[in-house]
Structure formats: C-alpha cells, structure tokens
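I opened my notebook for a first look at this structure.

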Amino acid sequence: MRIATVKEPPLGEGIMEGQFSRSVEEVSSMVGLEDSERKILEDADAAATELMTSEFEKYIERKYNPEVPEVLKRHGLMGVPISKKYGGRGARQLVQSLFLERMGQAGLGVVTFVDVHQCLGSLTIQDWGSDEVKERYLPGAARGEVILAYGLTEPEAGSDPASLKTTYRKDGDGFSLTGSKYLISNGSVATNMIVFAYPEEGGKGPSAFIVDTKEKGFEVDMRLEEKIGLFTSDTSLLSLDEVHVDSADLLGAEGKGFSVAYSALLNGRIGIGSGCVGVMEDCLSQVRERATSRVQHGKLIGKHQLIQRHVAFIESSLEACRWLVYRAAMKKDEYERNPNDMALRGESDRLSAIAKYMASRCAFEAADRAVQVFGGFGYSIMSPVAKHFLDTRVARIYEGTDEIMELKIASSVLGRDFEAYR
Ligand SMILES: Cc1cc2nc3c(=O)[nH]c(=O)nc-3n(C[C@H](O)[C@H](O)[C@H](O)COP(=O)(O)OP(=O)(O)OC[C@H]3O[C@@H](n4cnc5c(N)ncnc54)[C@H](O)[C@@H]3O)c2cc1C
C-alpha cells in the first residue's frame, strides 16, 4: 500500500495509493523460494510500507530518517544476509537482492542504509573476520545494536583508492589509525566502521580494520546535508586521530585491504542494482496511476501514444535490469558454493558491475521519464517521482562511478592488456 502523506500539494494531487509491483507469490513462482525466504519478502513489504510515510516526510525536511533502522529491527530485517548461526536470516544473495528490490520501492535512501549496513558491512565481516570477530559483531548487527558503515573514500581518494592518505601504526596490542573519511553513508549513526588505511612506514598495501566510532579520537566532523538528493540517508565527513583498534579487529591479513574492499563492493553493487530495480517498480506504478487518471485534450494521458513511449521505456528497463541483477546474484551464489573458483569470482564481479551500471542508469532515466509523465506536478518537490529523480542520481556515482564501471566492463571484454589502470 502506498500511503498518502501529503494533502493536496500546491502543484497537483496528493501521493496516490499503490502496491508492490509483484506479489511475493509471483516472485516465488518465478525464481523458486522456500517458505523462510518468502517470509523475508513479506516482512520486507511490511517494513517498506511502514517506512513510506517517514521517508517522504524526512525527504521534505531534508533530514536523515532515523526510523529506518527502527522499522527494520521491528521486522527482524537488520541481518538478512547474516548467517543464522549469528542470529541473521541467512539469505542467499538472490534473496538479499529480492529483499533490497522490495525496499527500493520505499526509496533509495532506505536502500543505501541497508546496502551499507548489510552488503558492505555485515557480509564483509562475515567473509573476512575471524570467528572471534564474527561473534563480536554479527549478532549485534543482526539485532540492530551494531550499525555499520564503510569508510573507503577520502577527500583526495575516490575512484582511485590507491591514493588513500589514512595511515595506521602498531600500538601495543593493536593499531592506531589517523586520517579522514569523506562521503561516508551511515557515517554519523554507525557504531562501527570498516576503515581502510596504509601502514605509516609504507611498504605494504592497505589493511582493513573495524573501528569503534565511540573510541577516543574518532570525530564526526560534518553531516553532509547540502546534497542534491538522498536526503534521508546519512552522509558524513569523519576524522580519526590516533584511534585505537584491537588487533583482533583487523579484517583479513595485513596488506589485504584492497581484497576486502573489492569483495565488499562486489556485494554492494548487486545491492544497489537491486534497490534501483525497486525504484523503477515504484516509478512504473506511479506512472501507471497517473497515466490512467489524468485527462488532457479530452482523454486520459495514457491514451496519448507519446506517453505510452515513456511507459514502455520504464517497463522494458525494469524487466531487463531485474534479470541482470538476478543473474549477478545467482552467479554470486554459485561462487559462494565454490569459493576457490577464481574464474567464477571474476565473472561474479563482472556481472555485479554490469548490473549496477545498467540498473542505476535506467533507474535515473525511469525517474526522469516519470517526472515527464507527471508534467508540472512531477517538477514539484512534493511529487513522489521527483524524490526518485533526485535520489537515483547518486547511484551512478557511489560504489564505483559510471566511468569506473565502464572501464571494468570494457576490459573484461578486451582483455587485461586493455585495463585503463592497474
Ligand atoms: C551520497 C554519497 C554516499 C557515499 N557513500 C560512501 C560510503 O558509504 N563509503 C565510501 O567509501 N564512499 C562513499 N561515497 C563516495 C563515492 O564512492 C565516491 O564519490 C565515488 O567513488 C567517486 O569518487 P570521487 O567522488 O572522489 O570522484 P573522482 O574519483 O574524483 O571522480 C571524478 C570524475 O572522474 C572520473 N574518473 C576518475 N578516474 C577515472 C578514470 N581512471 N577514467 C575515467 N574517468 C575517471 C569519475 O568517474 C568521475 O566522473 C559516497 C558518495 C556519495 C555522493
């Protein structure tokens, strides 16, 4: 159920009622789900429905939506991909994607929170942490007491993480980290953040650490609220001044930080692609409603063929991207069953980049076309499609820009000799 949150906005009608574009039963018959997997999607629908009002209100206020973790906790959805052994729901990647797709119908702000906490955060700890570390963080992450962020980007290191400036040195029985992290989602609300840093003395690649954000020396310098969209997601600038990290909180071996970072991004990109599919579903249902209720030139605008072209584009993009995302997710599941197969890992990485690249571009264009179908009301901040238009732009930037995805995809076709950089 889409919820009417705004009464008669100045430029047009209120937010219309809608519904999830496909029932859990339909999805289940398409991809084959077990009862426990169907239950995750039913819970996702309940959570997304509950979140729609606060998401829209916070978007209008241009503020982070603190309801997101609370509602997810209530529905037992904070640890969807975390193993049942640690209190999660043990979802395979395909189910995680279907879950994020449904959350996407509530907007990309919700998707960003979930993707960072679960795909970049929890899964990375699950994949790279020792048993002790998994015991320390994953049950709390599944309950929502631990909230995770992922700190790769810095003011001078975005697409090129090799130029990170954050450093660490050995400090008693642990490490001490100093530097700054920029544009970090969940940055000011996280209890823990995965931070990438080079050794102060040089000579090795970066390492990945789990940092406690309450530790002395960790500061939130600024909540970045002057964004052009994605207002409901927290984005922060953080600094670390000799922040202590226990030796057990090193993820993977020292010097393996890039392997940790890229495996996280592989999961994260499928997640963002999935969320973008959900956004397209909402665009389609909003457009369907508008095209079959608004009359101009004596007929429903949906009977004008040029409006049908927009409907056709959104529907075709949705179908194409949905299957790209599922394919990437299924390949990831295949790799999980064969973790020593590096060819599968490479293919999984490639498909995850393609899924994110296509779904983020199509979601932005779908939102743009939805604004067009809504006409003047589409240009109002109060229209639900305007929110998608503003929010989806970032999906073409974070977790690898369009250009970085293009370089990756092209070199997978042309061969390693054509890699633009190494
Ligand atoms: C809202 C938001 C949330 C974010 N959340 C997180 C987060 O949680 N954690 C995190 O670590 N980061 C996060 N980021 C950062 C994001 O991942 C980076 O912004 C992104 O990787 C691009 O880096 P940059 O902004 O430094 O751009 P730059 O790397 O400076 O790129 C500028 C332009 O140059 C292009 N470019 C760069 N190198 C090449 C090349 N070799 N060939 C061709 N073109 C190139 C880029 O594609 C881009 O168009 C977030 C960003 C935003 C906006």
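**Ligand.** I looked up where the ligand sits: domain 2 (149–251) and domain 3 (259–418) both give residues to the shell around it, so the ligand lies between them. The domain bounds come from an automatic or database domain assignment.

I noted that this is a predicted model, where local features need pLDDT of at least 70, side-chain atom pairs count only at pLDDT 80 or more, and totals for chains, interfaces and linings use all residues. Residues are numbered from 1 along each chain as its sequence is written.

I found 22 residues around the ligand, with Thr153, Gly158, Ser159, Thr401 and Glu403 coming nearest. A residue counts as near if its C-beta atom, placed from the backbone, lies within 6 Å of the molecule.

I then checked the contacts of Asp234, leaving aside neighbours within four places in sequence, and found Tyr64, Ser185, Asn186, Gly187, Ser188, Val189 and Arg223. Contact here means C-beta atoms, placed from the backbone, within 7 Å. Asn186 is 48 residues from Asp234 along the chain, yet their C-alpha atoms are separated by 5.0 Å.

**Phe209.** I listed what Phe209 touches, not counting residues up to four places away in sequence: among them are Tyr168, Phe175, Leu177 and Val195.

Technical notes. Two residues are in contact if their C-beta atoms, placed from the backbone, lie within 7 Å.
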